[in-house]
Amino acid sequence: MGTPLFAISADSHVTEPGDCYLDRIDPAFRDRAPVATTDPRMGAVMDIDNGRSRIPYGMVAAAGRPPETVGPFEYTDWDQLHQGGWDPVARLAEQDRDGVAAEVVYPSVGMLLCNHPDADYKKACFDAYNLWMAEEFAGHAPDRLIGMGQTALRSVEEGVDDLARIRELGLRGVMMPGHAACEGEAGDYDDPRWDPLWRAAADLGLPLAFHILTSGNDQLGAQQYRGPKMNSFLGIMRGCQDVIGTMVFGGVFDREPRLKVVCVEADAGWMPHWMYRADHAVRYHGNWLGDRALGRLPSEYIRDHVYLTFQDDAVAFRVTDLMDHRRLMWANDHPHSDSTFPHSQQVLADHTAHLAEDVRDDILWRNCAELYGLSLPHRAPETGESPARKDIPA
């Protein structure tokens, strides 16, 4: 392999520690706080809401393990996990090992909590998580650990307040629930009643991220998919696609043209066809399917407003000319089971060999740095000098 490539991961994760929620949660919910425990069948797990569900950390944090050892019931001890899932010092060493200069960090337990039916419980958990992320994890190295906050969205007004608090904590963006907790009251995300939230995000400079597995209809093994369970894996990006379509066809970007959203971990090679199909729908069926008059074609909104993250989707690197490559952001997904860790440099060398350097660098680091306003470290791990700071907007 040649000279290592400078890279930022636009989607990585923590595995929340046992005291993440317990020590910071609203006291009214402390007896239900997610806690770490050891399951006799799965090993290291996070127990949610007094056993309502359990998240097997051996499967969640399986980066770098042989696929035949990955599964929800493969017993994994705590000492077998990546310590960088909760220890920021260990995480920086793991970044160095993978040849990554910085990571945008999302939750793991928090992804599944997005689907919890108790909105008040979600609010309490997310507030506790945001404090832990800001104070204990991202706060250790804010130039390399780029923390994302969470909001439960029990109301539009509370969502606006949450965004302000997340910004005040120094977090760089917000992982949104696939469906707001107040969905019945305020409608879906295309409802104009959500417009104050979009304005607040734009005013605060906070990108809003929609991650796979946070919409309820994109779960592995979910019953709405036909055939064998493996077929459900091909549908986990559907939740993100539905949210993006809701916002595009709902005129959200007409009403708030400054808004930036991120479609996270749903791959990207499918987007050129989605853009074609969406434009086709408007051109040929807008007279009877169109709920709102749009100012532009759907593909134009995608090019201006929607970023996509992906790991080893080689197709995405091959169709950069069919969409705006400045909206593509590579990610290593560490320490999840789909991660390219610890082989990210080899994957990137293989997948980007055909690209012009400027296009490659946009996807590997520049787009992410610009979106989140990152100040890069003076020297990337084992890669030589980092790009000039003048290339990154403040």
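Okay, housekeeping. The model is predicted, so local features need pLDDT of at least 70 and side-chain atom pairs count only at pLDDT 80 or more, while totals for chains, interfaces and linings use all residues. Residues are numbered from 1 along each chain as its sequence is written, and side-chain values use heavy atoms, with hydrogens and water left out.

Let's start with the strands. When I say helix or strand, I mean DSSP runs numbered from the N terminus: H or I over at least four residues for helices, E over at least two for strands. Two strands pair if DSSP finds at least two bridges between them. Strand 6 (145-150) runs parallel to strand 7, with three bridges joining them, and Gly 149 stands opposite Val 174 there. Strand 7 is in turn joined to strand 8 by three bridges, again parallel, and Met 176 has Phe 210 as its bridge partner. Then strand 8 pairs with strand 9 (residues 261-264) over four bridges, also in the parallel sense; Ala 209 sits opposite Val 262.

What about the faces of those strands? In a regular strand the side chains alternate between the two faces of the sheet. In strand 7 (residues 173-176), Gly 173 and Met 175 are on one side, Val 174 and Met 176 are on the other, and all are buried, where buried means under 20% relative accessible area, exposed over 50%, and partly exposed in between, using a 1.4 Å probe and protein chains only. Strand 8 (residues 208-211) has Leu 208 and Phe 210 pointing one way and Ala 209 and His 211 the other, and all are buried too.

Next, helix 6, residues 156-168. Its 13 residues should span 18 Å at 1.5 Å a residue, and the end C-alpha atoms are 19 Å apart, which agrees; the expected span is 1.5 Å times one less than the number of residues. Which residues of helix 6 are buried? They're Val 156, Glu 158, Gly 159, Asp 162, Leu 163 and Ile 166. Just after the helix, Gly 170 takes a positive phi of about 90°.

Now look at the loop between strand 6 and helix 6, where you'll find Thr 151. Thr 151 counts as buried, at 0% relative accessibility. The side chain of Thr 151 makes a 2.7 Å polar contact with the side chain of Asp 162. By polar contact I mean a pair of N or O atoms within 3.5 Å; within protein, one must be able to donate a hydrogen and the other to accept it, and residues adjacent in sequence count only if both atoms are side-chain atoms. A polar atom of the Thr 151 side chain also lies 3.4 Å from the backbone nitrogen of Leu 153. Beyond four places in sequence, Thr 151 touches residues including Phe 126, Gly 159 and Val 174, with contact meaning heavy atoms within 4.5 Å.

On to the core. A nonpolar core here is a set of buried Ala, Val, Leu, Ile, Met, Phe, Trp, Tyr and Cys residues joined through side-chain atoms within 4.5 Å. The largest one has 116 residues, and Tyr 189, Trp 194, Trp 198 and Met 247 touch the most other members. Helix 5 (residues 119-137) gives the most to this core, with 10 residues. Contacts of Trp 198 include Tyr 189, Leu 208 and Met 247.

Most residues other than glycine have a negative phi, and most peptide bonds are trans. Asp 49 isn't a glycine, yet has a positive phi of about 55°, and it's buried at 12%. Glu 265 has phi near 65° and is buried at 9%. Where are the cis bonds? One joins His 334 and Pro 335, with omega about 0°, and another goes from Phe 341 to Pro 342. Pro 335 is in the loop between strand 11 and helix 15, and Pro 342 is in that loop as well. Pro 335 is also among the contacts of Thr 15, a residue buried at 0% relative accessibility.
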